[in-house]
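Here is a friendly walk through a protein model. Keep the picture open beside you while you read, and look up each part as it comes.

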Amino acid sequence: MAAEQKQKTIKVDPDLDFIRQVNAAGGDTLKKCFQCATCSVVCNLTPDNRPFPRKEMIWASWGLKDKLVKDPDVWLCHQCNDCSVKCPRGAKPGDTLAAIRNYLFKNLTFPRFLGTWMSEPKYLPLVFGVPIILLLAALSAAGTIGKIPEGEIEFSKFLPHGGLYAVFISSTHLAALFLLVSLVRFWKMLGASDVSSAVGNSRGATAGDLRASVIATVKEILTHAKFGKCDESKHRYLGHLGIMYGFLSIAIGTGIAFFMMYGLRIEPPFGQFTPPKILGHLGIIALVIGLILVIRHRLSGDEKVSKSTYQDWYLLVVLLTVAVTGELVELVRFAGIAWLAYWGYIVHLVFVFALLGYFPYSKFAHIFYRFVAILHSKYTGRDAGVADLAA
Amino acid sequence: MSANGKILVIGGGISGISAAADAAELGCEVVLVEKEPYLGGRVIRMNQYFPKLCPPTCGMEINVRRIRQNPRIKVYTLSEVEKISGQAGDYTVTIRVNPRYVTGKQPVTQAHLDAVATEVPNTFNYGMDKTKALFLPHDAAYPPLYVLKKDALTSEESQRLKNASPGGAIDLDMKDERIEVKVGAVIIATGWRPYDAVRLDNLGFGRCVNVITNVMMERLAALSGPTAGKLLRPSDGKEPAKVAFVQCAGSRDENHLPYCSAVCCMGSLKQARYVREKVADSKVTIFYIDIRTIGRFEKFYYDLLEDPNISFIKGKVAKITEDPVTRNPIVEAEEVIPGKKLSEQFDMVVLATGIVPSIMDSPIAGVNLTCDSDGFLVDSPNGGGIFGAGCVKRPLDVSRSVKDATAAVMKAIQIVRR
């Protein structure tokens with residue numbers, strides 16, 4: 001009974017800067033929350049024990065950054081917005097949790113200035129300036145600036161593979177290294193979180209078994225099982241599925257291309273009916289359809305339910321541009337317009353860099369943080385209670 | 001003094017009756033218009049007042065006597081104001097009197113009652129039971145006249161009624177009538193209606209048979225109600241041993257009523273006592289966001305906290321489903337302290353639905369009334385002669401409505417005696 005509840009004094013030390021940053025990152029409605037807990041009930045993804053997002057709302061409101069940084073639940077949320085639709089106050093828990101994730105993209109990975117670059121449009125000149133300068137440097141090293149190569153269009157004649165790799169392999173590998181470090185740190189923080197150590201977690205089938213947890217996590221992501229449980233945002237199931245499989249298809253195609261080039265010593269360009277090309281084209285179709293579904297819904301979406309942030313648009317627009325420029329460059333190459341093909345290729349590469357060069361600091365990183373958080377929830381048995389209730 | 005010293009009071013609930021009686025006792029002529037066939041409004045349908053826990057007939061009896069005995073008051077029941085024209089001090093009002101088909105010239109006898117077999121939903125009891133199409137709205141109804149639902153009758157029944165009414169107790173040819181009166185000021189006391197619980201789609205009202213609303217609970221607990229005061233749940237007529245109250249069912253919710261309805265916390269605390277008193281060893285759980293008991297009413301809350309069979313859970317109920325076998329409602333909430341999702345079966349669930357100003361449903365033609373963003377009436381800002389009293393202005397309990405009515409009379413009198 002309420003009157004008999006043990007009275008504990010909790011000293012709250014609010015991180016005001018954190019509150020301001022979450023506000024700016026899309027959480028400007030969070031202060032409307034009056035802790036009625038409707039959100040935790042209508043969420044189809046939350047566990048029974050210490051459910052989200054009601055507790056995240058008060059943590060964010062009180063500026064308890066430390067609790068949120070190590071809270072796996074922020075990442076178990078797929079922003080269905082069922083909570084925001086039913087919220088009696090327009091506090092939009094769905095947007096608030098997205099804003100907290102935006103904050104984490106910005107602040108979790110070393111070096112932090114890159115996170116800052118990705119958080120606001122005013123840094124766009126820097127974001128795009130870096131790949132432009134690097135690629136121009138590579139071109140001038142190859143001596144091809146101002147000189148369109150003669151003969152059959154072959155991109156390595158314009159930008160030799162050495163220059164391409166110098167720009168991309170170094171930047172992406174460095175970014176991956178930084179990401180890996182912060183993912184390890186993230187995993188450790190999750191282990192120490194209040195949520196996972198809470199007594200009374202129902203033990204799931206994969207609890208304590210890392211291998212089984214990884215398999216369950218991969219299966220969940222491949223089937224988009226969580227997205228399927230969303231009521232309000234059912235459309236995102238298909239859209240996100242298209243984007244994910246499109247991207248995977250292109251990535252696998254690229255891997256095979258590397259194998260063909262360096263394992264089998266086949267010189268590019270490859271024929272249209274080789275695996276890299278087939279996977280690439282199919283991937284682009286799936287990716288673009290998925291992106292159109294998602295973008296169309298974000299544009300027509302009800303502001304009352306959810307609003308899109310800069311981070312959302314950055315990822316969507318850059319992805320779409322990568323896909324479209326990639327396909328266009330291919331067409332121009334067939335059309336034989338050399339200057340357009342070569343410079344189009346450079347534009348395409350600038351956007352590829354904008355996508356992959358900064359991946360741990362943009363919303364792109366959700367792939368990895370979410371993977372770790374879902375894995376953690378399987379490993380600790382935290383997600384066992386979800387199925388019970390949803391069933 | 002204005003050319004016309006009369007005051008029109010629209011609405012015969014506790015606010016309207018109080019206003020009419022106050023104005024008449026101060027020497028004004030009063031016209032009181034009530035839409036229902038009886039006076040008493042929402043209050044007469046309560047089981048008990050909060051916090052004194054006496055039946056509504058207490059205060060109502062005195063007030064009705066004040067109305068009945070005062071020759072300055074003219075009461076029109078089953079009537080609606082169709083139009084108001086003119087200005088402060090000189091309004092012309094058109095009143096439509098709907099046919100009651102019961103004349104009052106002769107008493108309705110057993111022969112009349114025997115002539116009618118058709119039953120209609122009993123709106124006085126929020127449709128929880130049925131009544132003959134010829135009925136007295138309730139035991140203490142004023143005016144003490146029967147009402148006939150002519151449209152529900154079969155042709156044989158109509159014939160039988162005609163045959164039984166040589167003295168003219170029933171007149172099936174009665175038509176609606178229009179009356180024009182001139183008044184100096186108007187008091188709007190049209191009160192409130194409960195928020196339509198069907199619109200709270202996740203709370204199961206209308207789908208789960210044992211989910212009822214707070215106003216229905218008042219009728220279930222009342223001796224004059226459908227169960228003669230026994231607390232019985234709708235599905236099987238059993239006494240509910242485990243009852244949940246869902247606070248803020250629609251209130252404080254942007255998707256429904258953005259404001260606090262101010263009285264539902266007190267209502268549920270009162271109804272928790274009904275359950276505890278009527279059903280032995282019963283258990284009550286009240287789910288709330290905040291318990292809002294103002295002033296001395298807080299003591300009532302503290303007293304309930306002492307009862308080990310009443311628990312208070314902070315956490316709004318956001319989902320109610322039904323067990324198909326037992327028809328028990330299953331309530332889902334997050335218990336905020338300690339932070340745990342809860343899914344629990346109850347025998348019956350009471351939704352504490354909020355207050356909607358009735359003026360929203362039926363605006364009055366001819367006058368531009370100012371309402372606030374929530375639909376509550378704002379007193380004429382530029383010195384007109386139209387004033388609100390009671391729940392038409394804001395959610396109020398009975399005693400505050402009565403005081404508000406007196407205040408409205410003071411304003412109206414300043415117009416008619418100018």
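## A helix across a sheet

Which strands of chain B does helix α1 (residues 14-25) lie across? Helix α1 of chain B lies across β1 (6-10), β2, β3 and β11 (185-188) of chain B, and runs at about 165° to β2(B). Such angles run from 0 to 180 degrees between N-to-C directions, with axes as lines fitted to C-alpha atoms, for helices over the stretch in contact. Helices (H or I, at least four residues) and strands (E, at least two) are DSSP runs, numbered from the N terminus.

Before going further, please note that this is a predicted model, in which local features need pLDDT of at least 70, side-chain atom pairs count only at pLDDT 80 or more, and totals for chains, interfaces and linings use all residues. Residues are numbered from 1 along each chain as its sequence is written, while chains are lettered from A and ligands numbered from 1 in the order in which they are written.

## The sheet of chain B

In chain B, 5 strands make up an open sheet with parallel pairing, in the order β3-β2-β1-β11-β24. At the edges are β3 (73-76) and β24 (386-388) of chain B, each pairing on one side only. On average, neighbouring strands of this sheet are turned by 20° against each other, direction ignored. Strands of a sheet pair through backbone hydrogen bonds, either parallel or antiparallel. Two strands count as paired here if DSSP finds at least two bridges between them.

You can follow the pairing strand by strand. β2 (residues 29-33) of chain B joins β3(B) in the parallel sense over 4 bridges, and Val33(B) has Tyr76(B) as its bridge partner in β3(B).

## A closer look at β1

How many residues of β1(B) are buried? The count is 5 of its 5 residues, where buried means that 20 or more other C-beta atoms, placed from the backbone, lie within 10 Å of the residue's own. Lys6(B), Leu8(B) and Ile10(B) point one way from β1(B), while Ile7(B) and Val9(B) point the other way. In a regular strand the side chains alternate between the two faces of the sheet.

β1(B) pairs in the parallel sense with β2(B) over 5 bridges, and the partner of Leu8(B) in β2(B) is Val31(B). From β1(B) the chain passes through α1(B) to β2(B) in a right-handed β-α-β crossover; that is, with the strands pointing away from the viewer, the path from the first strand over the helix to the second runs clockwise. β1(B) also runs parallel to β11(B), joined by 4 bridges, and Ile7(B) has Ala185(B) as its bridge partner there.

## Domains and chains

Now turn to chain A, which is divided into domain 1 (13-110) and domain 2 (113-379), with bounds that come from an automatic or database domain assignment. Their centres, taken over C-alpha atoms, are separated by 26 Å. In domain 1, 34 residues are in contact with 44 residues of domain 2, contact meaning that C-beta atoms, placed from the backbone, lie within 7 Å. On the domain 1 side, α7 (93-107) of chain A is one of the elements that give two or more residues, and α7(A) gives the most, with 9 residues.

The two chains touch as well: the contact takes 23 residues from chain A and 23 residues from chain B. α2(A) gives the most to the chain A side, with 4 residues.

Technical notes: Buried ≥ 20, exposed ≤ 12 C-beta atoms within 10 Å, placed from the backbone.
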